[in-house]
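Me: I would like a close look at one part of this structure, and I would be glad of a careful explanation with the terms spelled out.

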Amino acid sequence: MTHNVGITAFGAYLPKLRLDRASIAASHAWAMPGLKGQGKGERTMADWDEDSITMAVEAARDCLQDTDRSTITGAQLASTTLPFADRLNVGVVAAGLNLGRNITSMDVSGSQRAGTSGLIAALRGSGDGVMLFMVADTRKAAPASINEFQFGHGAAALTLGVDGVIANFLGSNTVTADFVDHFRGSGQDEDYGWEQRWIRDEGYMKIIPEVVSGLLDSTGVGAGDIDHFVMPCTIGRVPAGVTKALGIKPEAIRDTMAANVGDTGAAHAILMLAHALEDAKPGEKILLVQFGQGADALLFEVTDAITSLPKRPGVSGAIARGRTEKEYMKYLSFQDQVKIDFGMRAEVDNKTALTTEYRKKDMITGFMGGQCSQCGTVQYPRTLYCVNPNCKAHETQEPISFADTPAAVMSYTADWLSYSPSPPYYYGQVQFENGGRVMMGFTDIDPDDIAVGKSLKMVFRIKDFDKQRGYRRYFWKAAPAS
Amino acid sequence: MARGIKDKVAIVGMGCSSFGERWDCGAEELMVEAFEEALADAGIDRSQIEAAWFGTAFEKVHVGVSGLPMATTLRLSGIPITRVENMCATGTEALRGAAYAVASGAVDIAMAMGVEKLKDTGYGGLPAGSKGPFPDLWVPNGSAPGNFAQLATAYSAKHGISSADVKQAMAHVSWKSHQNGAKNEKAHLRKAVTMETIMDAPMIAEPLGLFDCCGVSDGSACAIVTTPEIAKAMGKTDIVTIKALQLCLSDGTEASFNSWDGSHFATTRIASKKAYEEAGIKNPREEISMLEVHDCFSITELVTMEDLYISEEGGAVKDILDGFYDADGGIPCQIDGGLKCFGHPIGASGLRMAYEMYLQLQGKAGERQLKDPRIGLTHNLGGAPHNNVAAVAVIGRLD
């Protein structure tokens with residue numbers, strides 16, 4: 001067998017919050033009663049402390065599981081909603097994952113094809129290394145737009161390499177056409193789109209057959225041999241029309257997860273691919289297609305190795321952990337599309353000392369505490385003297401990760417006084433199984449299911465926004481383990 | 001072996017401003033109000049003060065840094081003035097500085113003052129702000145009630161006492177302080193409230209409701225100290241001396257080591273043990289006449305009764321509900337209304353507690369005067385349960 005590059009693992013992440021579309025429609029009924037028909041199902045919605053960076057970290061953790069992270073040689077993040085226009089976004093992700101400094105790194109953006117075009121480039125350029133390729137998007141939509149109903153927020157991650165390939169990369173094809181179905185100007189928050197019928201007839205129905213035919217011709221694979229047709233699309237009947245035109249069997253069409261996830265933008269093709277890999281069988285062929293100022297098409301063939309890939313929550317697990325959110329105003333506030341008066345406590349200046357943040361990078365972004373080499377005490381933060389009152393040894397603490405250590409609530413409160421974009425502010429003392437303990441913020445809390453002793457897991461989240469300067473700082477929070 | 005300062009320092013003058021929302025006053029007016037009372041009480045001229053300690057915690061929102069605001073406001077000329085800050089224990093810290101100066105023999109007469117002008121911030125509660133460049137990166141942006149509320153969840157879990165029973169005892173703590181505060185003309189909150197009002201109040205940080213939280217006030221308090229010998233020479237009778245003055249700070253054990261259970265104050269336990277040793281108190285439940293503790297929140301007072309070794313561990317709920325700490329109980333606590341009702345101008349609070357002890361020991365507490373108190377204890381606390389400064393002072397009559 002040749003050393004073929006391909007996908008070696010997959011992972012996914014969806015925010016826990018699922019915005020009830022009927023609630024969106026109800027909020028707009030005064031002006032647009034016609035939106036009632038859109039009010040079916042749910043869409044994913046990032047919590048106030050989630051963005052494309054935090055979701056990428058979580059998707060990567062789902063993908064990597066117990067993988068030795070020192071084997072990763074590169075990391076890329078594709079998104080149209082990168083929090084920073086000029087600061088390596090994947091650099092934050094890599095620090096959060098403790099990938100070390102000796103990796104290549106790149107952000108990919110610019111269109112809905114950021115995910116697939118980035119993936120093509122990563123597959124072609126990964127050499128003998130292991131590339132961690134992540135996609136995440138948290139697009140905003142204008143209130144009462146169709147996009148508001150159809151968009152979702154989510155992330156996915158793949159590792160690419162030559163060892164342990166679960167899906168061989170057979171080839172790709174790209175068509176580039178400046179077809180402006182929608183656009184988002186630099187500095188704009190929301191998309192502007194053109195008429196859907198034109199997008200369908202002149203866009204999808206012409207460009208997709210062109211890009212797929214080219215790929216099938218070059219790889220010598222027949223349309224009828226495609227087992228999984230993965231193509232994000234929010235326009236009804238387009239996947240059916242495209243596959244019919246190409247001769248791909250209708251049962252190959254993968255669910256776009258429109259009913260309960262929504263379209264996660266530049267992340268969606270890879271998210272759907274991860275979904276397909278959850279139940280794909282060895283030998284099956286997966287066609288991955290993404291539309292956007294032209295189109296990308298990639299072809300994969302599933303290998304026997306997929307049967308031995310360790311189980312992970314993946315897309316199905318991410319879908320299952322949802323909690324319905326009916327507060328449309330909460331969504332608007334999280335999206336910064338309505339300004340709630342949270343009072344003076346929300347005015348605190350969150351200027352970050354970048355020097356301090358860099359010195360403490362592994363402790364903050366990587367959640368590395370210390371373990372005393374003399375007494376074994378695990379502690380956070382890592383300090384110059386051991387915290388064990390019977391030890392206090394000097395400079396004995398070796399870095400130790402807290403990110404994947406099981407923990408439990410030691411004490412907590414629901415604070416209605418402190419500022420939180422999602423009151424009440426839950427925080428408390430967290431006891432880790434390794435002996436460490438940390439006073440930290442909680443997230444994803446169900447008010448009816450929090451108690452001393454409750455099991456917790458650590459998740460990577462936004463800690464504070466510095467809206468004055470456009471900065472945001474990240475740290476870890478405690479979330480219910482299940 | 002150190003001998004401590006028992007009976008080496010006498011309090012010969014004290015003053016305390018009215019506490020409350022003093023919209024008409026800045027820190028300067030508050031300071032002068034307490035200073036004038038203390039000078040008159042001591043019967044000295046300001047020129048006799050040889051050194052001073054100035055306590056304020058939120059200096060950025062009123063007087064600014066250093067001892068200069070005290071020197072210039074009170075026109076104290078040519079003497080050393082040290083500004084101290086130890087969070088909410090600042091007032092006791094200021095007293096400690098002045099007391100140690102006298103005890104050492106460095107000066108004959110010293111002064112301690114604490115002040116806080118909080119009602120120029122626009123905040124209800126304490127103002128929010130940076131905790132420093134490193135803590136800002138990871139420490140929750142919690143509030144004081146949020147931190148102290150966690151005592152209640154941990155206390156319930158540890159002692160197997162239902163949260164409803166703990167809440168009931170917490171409510172009794174506040175009810176009692178409102179009863180007491182109503183009799184104090186200098187108090188911020190002077191209205192008795194019903195248990196129902198307390199129990200049904202809006203939630204601030206679960207399980208602390210509005211009436212589980214103390215008032216945030218403007219105010220100032222001042223003490224003038226000297227040696228008992230000089231006090232006698234000044235013609236003072238009914239001399240009140242400091243029996244013990246102890247301070248203990250968290251060293252990170254509670255926050256980062258795993259030996260603490262979250263339900264009590266490790267620092268208060270150490271400070272009170274040391275204070276009892278310094279004062280020669282063997283059985284605090286029998287020997288102490290009255291308490292002024294740091295009831296920033298009702299739950300703080302509840303667990304502090306155990307940390308001072310007055311209630312048995314796990315027994316504070318019963319003692320409180322039995323009325324042991326009420327005005328007519330075994331050891332009256334917060335007879336002046338406490339932080340809850342007298343108010344809590346941060347830097348002044350430790351000295352305000354000493355002021356009440358001083359008045360009570362001299363029989364000058366008016367309507368709220370207790371019968372023949374001999375020994376009073378003040379407990380002044382700053383920070384959060386997992387990371388704090390605890391100060392315990394024992395003040396009594398010179399036998």
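Which residue in β7(A) does Gly6(A) stand opposite?

Reply: Gly6(A) stands opposite Gly161(A) in β7(A). This is a predicted model, in which local features need pLDDT of at least 70 and side-chain atom pairs count only at pLDDT 80 or more, while totals for chains, interfaces and linings use all residues. Residues are numbered from 1 along each chain as its sequence is written, and chains are lettered from A and ligands numbered from 1 in the order in which they are written.

Strand β1 (residues 6–13) and strand β7 (residues 154–161) of chain A run antiparallel and are joined by seven bridges; two strands pair if DSSP finds at least two bridges between them. Strands here are DSSP runs of E with at least two residues, and helices are runs of H or I with at least four, numbered from the N terminus.

Both strands belong to an open sheet of nine strands with mixed pairing, in the order β5-β4-β6-β7-β1-β8-β13-β12-β11 (chain A). Because β5 (104–108) and β11 (228–230) of chain A stand at the edges with a single partner strand each, one side of each is left without a neighbour in the sheet. Neighbouring strands are turned by 20° against each other on average, direction ignored, where axes are lines fitted to C-alpha atoms, for helices over the stretch in contact, and angles run from 0 to 180 degrees between N-to-C directions.

Helix α3 (residues 89–96) of chain A lies across β4 (74–78), β5 and β6 (131–137), at about 125° to β4(A), contact meaning that C-beta atoms, placed from the backbone, lie within 7 Å. Helix α4 (residues 114–125) of chain A lies across several strands, including β7 and β13 (294–302), and runs at about 55° to β13(A).

Notes: Contact = placed C-beta atoms within 7 Å.
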